[in-house]
Amino acid sequence: MSDTNREMTKKEASVPEGVERTKPRRVFKPDVDIIEEKDGTVLTADLPGVGDKTLDITLEKNIITIRGRVEHEIPAGYRLAYGEYEVGDYERAFTLSDEVDKEKI
């Protein structure tokens with residue numbers, strides 16, 4: 001099997017020691033690609049189920065944080081008979097170097 005066909009699994013985000021989550025939902029760590037281009041840097045994150053209204057990107061000090069909320073929806077008139085897909089939120093944080101122009105993010 002080639003690297004492009006690797007199995008996709010959700011990885012639960014870790015919590016720094018001494019920190020507790022205040023929400024009972026699971027939080028997953030999304031896969032991210034960071035590509036440096038001539039005119040800037042592009043960050044692409046795999047956030048299935050996250051829309052533009054449930055995506056939050058913050059920059060505090062030198063840390064950029066991506067948070068995505070997923071709402072598990074079952075269509076009206078249906079009930080879940082069997083489910084394997086785990087619903088949870090996504091979170092990932094990166095420390096930026098001083099070389100990054102934070103005004104252009």
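These legends walk you through a few close-up views of a predicted model. Local features need pLDDT of at least 70 and side-chain atom pairs count only at pLDDT 80 or more, while totals for chains, interfaces and linings use all residues. Residues are numbered from 1 along each chain as its sequence is written, and side-chain values use heavy atoms, leaving out hydrogens and water.

**View 1. Arg26 sits in the loop between β1 (11–12) and β2 (27–29).** Strands (E, at least two residues) are DSSP runs, numbered from the N terminus. Arg26 counts as partly exposed because its relative accessibility is 35%; the term covers values between buried (under 20% relative accessible area) and exposed (over 50%), with a 1.4 Å probe and protein chains only. Although Arg26 and Gly88 are 62 residues apart along the chain, 4.8 Å separates their C-alpha atoms.

**View 2. Strand β7 (residues 89–95) runs parallel to β2, and two bridges join them.** Strands pair if DSSP finds at least two bridges between them. Here Phe28 has Tyr90 in β7 as its bridge partner.

**View 3. Strand β6 (residues 63–68) runs antiparallel to β7, with six bridges joining them.** Look for Thr65, which stands opposite Ala93 in β7.

**View 4. Leu59, Val100 and Ile105 form a nonpolar patch on the surface.** Together they have about 230 Å² of accessible area, by the Shrake-Rupley method with a 1.4 Å probe, where for residues only the protein chains shown count as cover. Patch residues have over 30% relative accessible area and no salt bridge, and nonpolar side chains (Val, Leu, Ile, Met, Phe, Trp, Tyr) are joined within 5 Å, like charges within 9 Å. A salt bridge is a side-chain nitrogen of Lys or Arg within 4 Å of a carboxyl oxygen of Asp or Glu. Val100 lies in the segment after β7 and is partly exposed, with a relative accessible area of 32%.

Methods. Helix = DSSP H or I, 4+ residues; strand = E, 2+ residues; numbered from the N terminus.
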